[in-house]
Amino acid sequence: MFEVSCASCQASFEYNPDDYIHLCPYCSAGFIIDSEEGAKDLIGDHYVIPSNIQKENIEEIFNDWIMKRYHNPSKIKSEFNILGSYGVMLPYWVISVEAHTFWSGHSAKKNLYPGRVRDLASGYLKEEGRFSRRYRWAILARKSPKEHWGLERLHHPRESVMVDWEGFPLDETMGVQDEGVKPIYEAKVPFKYEQANEIAVASIQTKELSAVTRAKDQINEYHRRMAKTKIGTLYEHRTEIEVVGLHIVHMPFWFIRYSFSPKSFFKFFTTVRERRILIQGYTKAVLDAELPLNTSDKVMTNIVVCGTLGFICLTLSVFISPLFYILFVLFVLIVGLSSWKIINREKTDLDTIKGKENNEPVGS
Ligand SMILES: [Zn+2]
């Protein structure tokens with residue numbers, strides 16, 4: 001076991017080769033060690049967002065959340081069970097950028113109005129435009145976004161744009177805070193272990209340079225997809241990204257594991273399994289959650305209900321009126337379509353899982 005002495009207070013502590021920035025557990029100073037010369041470089045611009053959640057608040061937060069989602073509030077106590085919870089301070093590189101985008105393309109729309117040019121050869125309309133955005137783009141400073149559940153897709157854009165990156169614009173992502181509470185970025189204070197409110201502090205593993213590169217790639221792709229929503233065929237897209245600031249910020253997150261074991265009719269259609277919720281520790285917003293009943297459960301219920309009704313109609317068509325036979329065919333159709341949906345869903349799910357595994361960073 002190696003030890004390293006703090007660049008600020010000289011106290012020695014255990015050296016972790018996976019860390020890029022070493023954090024002193026005694027004085028909270030952060031420093032980088034030059035691998036060739038061994039020189040230590042103290043870092044500034046390291047902040048922490050205080051946690052507003054403690055272990056004893058978890059039950060209340062969970063109950064508030066499930067109350068709004070479950071159709072039968074009186075049964076919540078008997079059907080839902082919190083299996084465990086933990087909080088962690090995760091380090092993010094927060095990169096302030098200005099992004100300017102120019103795009104051009106052709107649209108198939110035929111309606112002309114002043115300012116648009118008609119391409120005589122095709123009858124299509126040529127369009128172009130510009131837009132600019134400012135972000136505080138957050139990139140996790142850990143080697144794997146899979147370490148904790150729910151961190152791989154925190155970005156939910158306002159535009160109808162598909163997202164396949166793990167970074168996100170900080171100000172739009174972390175949930176709306178209560179009135180009188182400062183926006184998350186303004187709540188930051190210089191990093192001190194004491195501010196973590198006794199939850200674990202994850203160390204900083206990745207370099208700022210790789211974070212900036214990833215943030216630029218993600219913003220570029222985000223803007224390209226945004227431009228694509230404005231036009232039929234996108235011909236050209238250019239996004240210039242200017243980095244105006246860079247900080248490392250530790251942000252609190254809480255994870256709850258719960259189980260759902262329905263006492264009602266639904267118990268025949270769900271498997272009792274663990275489900276998870278991701279909560280922002282400062283805003284207390286639920287950022288992601290696995291719901292008690294997923295689509296397959298509902299489609300499954302559909303199959304059973306329609307199957308039963310179909311059987312009843314078949315019986316009635318024999319004994320009462322052949323008209324019931326039409327209803328029987330209808331219900332069988334619904335059962336067929338539902339089964340097809342479930343089978344297809346499971347296929348796609350497997351594919352996504354495979355794809356994700358392939359994308360995992362190797363050996364970094
Ligand atoms: Zn120290």
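## Terms and model

Helices (H or I, at least four residues) and strands (E, at least two) are runs assigned by DSSP and numbered from the N terminus. Phe255, for example, is found in strand β13.

This is a predicted model, in which local features need pLDDT of at least 70 and side-chain atom pairs count only at pLDDT 80 or more, while totals for chains, interfaces and linings use all residues. Residues are numbered from 1 along each chain as its sequence is written, and side-chain values use heavy atoms, with hydrogens and water left out.

## The chain as a whole

The protein chain contains 6 helices and 15 strands. Of its 364 residues, 42% are buried. Buried means under 20% relative accessible area, exposed means over 50%, and partly exposed covers what lies in between (1.4 Å probe, protein chains only).

The accessible surface of the protein chain comes to about 20,800 Å², and carbon and sulfur atoms account for 55% of this surface. Such areas come from the Shrake-Rupley method with a 1.4 Å probe; for residues, only the protein chains shown count as cover. A contact means heavy atoms within 4.5 Å. Among contacts between residues at least 6 apart in sequence, 71% join residues at least 24 apart.

## The zinc site

The zinc ion has four protein donors: Cys6 (SG), Cys9 (SG), Cys24 (SG) and Cys27 (SG), at 2.2 to 2.4 Å from the ion. Donors are N, O and S atoms within 2.8 Å of the metal (3.2 Å for Na, K and Ca); water is not among the atoms, so sites may look incomplete. The donors of the zinc ion are spaced along the chain as C-x2-C-x14-C-x2-C. Cys9 in the loop between β1 (3-5) and β2 (12-14) and Cys27 in the loop between β3 (22-23) and β4 (30-33) are 18 residues apart, and this pair links distant parts of the chain. Cys9 is partly exposed, with a relative accessible area of 34%.

The angles among the 4 donor atoms are 106 to 113 degrees, and the site is tetrahedral. Four donors count as tetrahedral if all angles lie between 85 and 135 degrees; four count as square planar and six as octahedral if opposite donors are over 155 degrees apart and all others between 65 and 115; anything else is irregular.

Ile33 is in strand β4 and is partly exposed at 24% relative accessibility. Leaving out residues up to four places away in sequence, Ile33 touches Val4, Tyr15, His22, Gly38, Ala39 and Lys40.

## The nonpolar cores

A nonpolar core is a set of buried Ala, Val, Leu, Ile, Met, Phe, Trp, Tyr and Cys residues joined through side-chain atoms within 4.5 Å. The largest nonpolar core has 50 residues, of which Phe62, Phe80, Trp93, Ile95, Tyr135 and Trp137 touch the most other members. Two or more residues of this core come from each of α1 (58-67), β7 (80-107), β9 (125-140), α4 (208-228), β13 (233-260) and β14 (274-280). Domain 1 (1-43) and domain 2 (44-293) both give residues to this core, so the core lies between them; these bounds come from an automatic or database domain assignment.

Apart from this core lies another one, of 25 residues, among them Val88, Tyr92, Phe253 and Leu287.

## Selected residues

Phe255 is buried, with a relative accessible area of 5%. Beyond four places in sequence, Phe255 touches Gly84, Ser85, Tyr86, Val88, His148, Trp149, Ile277 and Leu278. Phe255 and Tyr86 are 169 residues apart along the chain, and their C-alpha atoms are separated by 5.5 Å.

His46, in strand β6 (residues 46-48), is buried at 9% relative accessibility. Apart from neighbours within four places in sequence, His46 is in contact with Leu23, Val189, Pro190, Phe191, Ile204, Ile248 and His250. Asp45, in the loop between β5 (40-42) and β6, is not a glycine but has a positive phi of about 55 degrees.
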